[in-house]
Amino acid sequence: MDLYTYKPLDAAKAEIRLLSLLPGGFSDDIEIEIFHVESNYPEEEKTREEKSANLERTFELLQLGESRRTPSYEAVSYVWGSEADPSFISIRDRGRLGSSSLPVTQNLAEAMRYLRREDEARILWIDAVCINQQDLVERSVQVGRMGNIFRNAKQVDVWLGPESDSSDVAVNLVHAMAADLVTAVNTRGRAFTVLPGSETDKLLTSLEALHPRIKHLEELCRRQWFTRLWIYQEYHLSAAAIAYIGRRALDMRDLYKVLRFIYMYQRGRLVAQQTQLPTFGRVANLLSPIRQTTRPLTLAKRLKDSLCTDERDRVYAILGLISSEYRVEIVPDYTKSLQEVNKEFFKCMLKLQHTARMTGSLEEHEYGQPSWVPKLSQTLSKFSLRSASGRSKHEILYERADESLRFPAKAVGTVTAIWFDNPPKLPFGHSTLETFRAHAHSNLLDSVYPRGGDMLDAYVCSLAGGRYLENHEYPSHLPLQELRNIIQGEDYSTDTLNKTLSAFLHTRGRAIFSTTDGLIGLCPFWGKIGDQIFVTPGVGTAILLSSIEGRPNHYRLKGECYVHGLMNSEALLGALPAVAEEGLWSYRWEKVAGSYEMIFRNGELATQNDPRLGPLPEDWNKKYRSEERSQYYDEEFGTDGTMRRLFFHNRSTNEFSKVDPRMTSKALKRRGVAFEDIIII
């Protein structure tokens with residue numbers, strides 16, 4: 001049988017291919033028909049609720065030269081698997097006698113056998129079949145359409161692999177528990193409670209009965225599908241996502257509910273049973289609903305550990321999840337190098353966002369590429385508390401001539417000592433905690449930190465990257481005293497090691513350093529003595545740079561860093577007292593109208609308005625917006641005492657912005673802040 005030859009798609013008609021999986025028995029040869037359709041997807045991006053309410057819709061498609069209504073299709077999400085020893089499927093040529101063949105991976109062939117119906121055809125979209133993978137131009141165009149393809153599919157069929165005794169137990173557990181879980185109040189579908197008296201409620205009282213089933217669920221969550229990069233977009237764009245494990249079916253949203261419930265509320269009881277809760281946490285995170293406002297670099301970093309065969313897909317695989325303004329700027333093109341793709345990705349972020357992340361990369365720094373180009377698979381976690389430059393907008397300019405970045409920056413110190421580093425692939429365990437404790441010298445407790453408090457607090461807070469309860473109102477964060485107890489203690493129990501992993505996760509791939517001025521912080525593990533630390537508007541953390549000999553003001557970017565005592569604009573505005581007393585100010589990250597904001601407190605007074613800043617420029621005033629209504633108010637608090645989110649309003653342009661006009665480099669220079677003009681190459 002001859003190999004199938006793809007007919008070119010008509011780009012002018014935005015054509016895609018669909019396939020008809022022809023009916024047959026499980027062991028019969030796989031037969032399909034491939035046909036072209038003209039996609040006519042709505043431009044607007046519907047919410048999941050809107051899509052779910054409209055599952056039976058049809059699309060206007062052009063098929064075989066005739067415009068007519070065509071039934072909706074299903075999109076298949078799966079792991080390609082090894083391309084060695086492929087299976088061959090038969091492709092029936094519509095309107096002609098004879099067939100041709102197409103090689104597919106064994107995993108896909110197995111999935112098609114289970115998805116095939118005995119008595120009727122099934123209309124599917126499968127990337128390996130519906131895209132000519134050998135045509136790079138077509139592949140680039142079709143990858144750009146994949147977001148719409150999955151968004152408008154009737155449902156996404158997730159192939160997890162064949163069933164087993166273990167998977168049957170896991171599926172039964174999910175079905176049973178999901179029926180007994182309800183969404184907790186005011187959690188936006190991110191937390192669940194169990195119905196009192198239900199079967200699940202009874203099951204939770206018996207670890208002996210629960211634990212074996214949890215172990216089987218853990219095995220299911222370790223299947224390869226959950227490790228792949230592309231599945232994130234494919235799942236999150238779906239109107240409905242149904243997992244197939246052999247002949248068993250499972251609603252993926254039910255799986256998310258169960259995993260989230262177990263991870264959030266049962267972890268304490270299950271850790272003692274040596275259940276790998278990080279597996280549940282990772283998969284629950286993967287399936288967790290994402291905000292429409294989530295930024296591309298945040299998504300890319302969230303998926304840094306996901307696997308892909310082409311590193312360029314770390315950009316292309318998230319395009320369907322980001323707003324259209326980014327998709328206009330980032331067009332898939334597999335003829336470009338990885339370096340070019342990542343460079344264009346970062347330049348797009350600079351163009352479209354007020355703030356910037358300066359993550360840098362060990363590889364670019366060492367091998368002569370522009371040091372500011374991010375490596376999206378880099379394993380460093382994101383510092384969640386980012387206010388080193390306040391509510392400011394970045395002033396970074398890209399210079400095409402020498403591919404440099406130029407911006408104003410305030411120097412805040414030079415690294416004089418690297419205490420220790422924690423390599424990214426070193427597992428957290430006894431030796432990690434031992435290292436942390438070995439550097440908590442007794443004299444730290446007696447030494448005063450330059451920015452207030454003692455040196456031990458500064459060291460512990462740096463290990464935590466600022467993630468402690470007094471600094472950030474977040475349920476899973478531990479109080480500073482408990483963090484101190486971990487570092488000063490001698491206990492190496494499982495519970496202590498788990499707390500260490502959670503509280504000090506930012507140390508992975510980073511190093512503890514100190515500066516000429518006695519400041520302590522956390523930087524990428526490739527930081528070295530002599531590197532310099534700067535703060536610049538629009539970048540939420542301090543940044544670490546290495547100077548280039550013989551070229552004044554020229555640096556290479558090493559990455560972001562946490563510097564204790566400089567993470568609330570102190571380098572630009574001066575310090576606030578660290579402890580609230582009468583007449584003194586303190587600050588803390590707290591939730592306001594659905595997002596975390598810096599709150600300043602003085603006794604009973606709480607406000608988002610930074611007391612270090614003077615009056616706004618003449619054309620500006622402050623406005624506040626509530627979570628429930630997209631409406632702006634003059635008052636920071638509603639009649640019920642709820643704080644509204646702070647915005648800045650330009651009366652001349654009627655622009656509303658989160659950027660404070662008093663935090664530009666020009667305005668800060670008038671306050672006496674000494675900026676240097678920095679060039680990053």
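Student: How many aromatic pairs does the structure hold?
Tutor: The structure holds 19 aromatic pairs. Rings of Phe, Tyr and Trp (its six-membered ring) pair if their centres lie within 6.5 Å; planes under 30 degrees apart count as stacked, over 60 as edge-to-face and the rest as tilted. This is a predicted model: local features need pLDDT of at least 70, side-chain atom pairs count only at pLDDT 80 or more, and totals for chains, interfaces and linings use all residues. Residues are numbered from 1 along each chain as its sequence is written, and side-chain values use heavy atoms, with hydrogens and water left out.
Student: What sort of pair do Phe420 and Phe436 form?
Tutor: A tilted one, 5.9 Å centre to centre, with 40 degrees between the planes. Phe420 is in strand 15 (residues 404-422) and Phe436 in helix 17 (residues 430-438), so the pair ties together parts 16 residues apart in sequence. Helices (H or I, at least four residues) and strands (E, at least two) are DSSP runs, numbered from the N terminus.
Student: Are Phe420 and Phe436 buried or exposed?
Tutor: Both Phe420 and Phe436 are buried. Buried means under 20% relative accessible area, exposed over 50%, partly exposed in between (1.4 Å probe, protein chains only).
Student: Which residues do ring pairs link into a cluster?
Tutor: Phe420, Phe428, Phe436 and Phe504.
Student: New topic. Where does the charged end of Arg437 sit?
Tutor: Over the ring of Tyr492, 4.6 Å from its centre. The test is NZ of Lys or CZ of Arg within 6 Å of the ring centre and within 35 degrees of the ring normal.
Student: And Arg510?
Tutor: Its charged end sits over the ring of Phe383, 4.1 Å from the centre.
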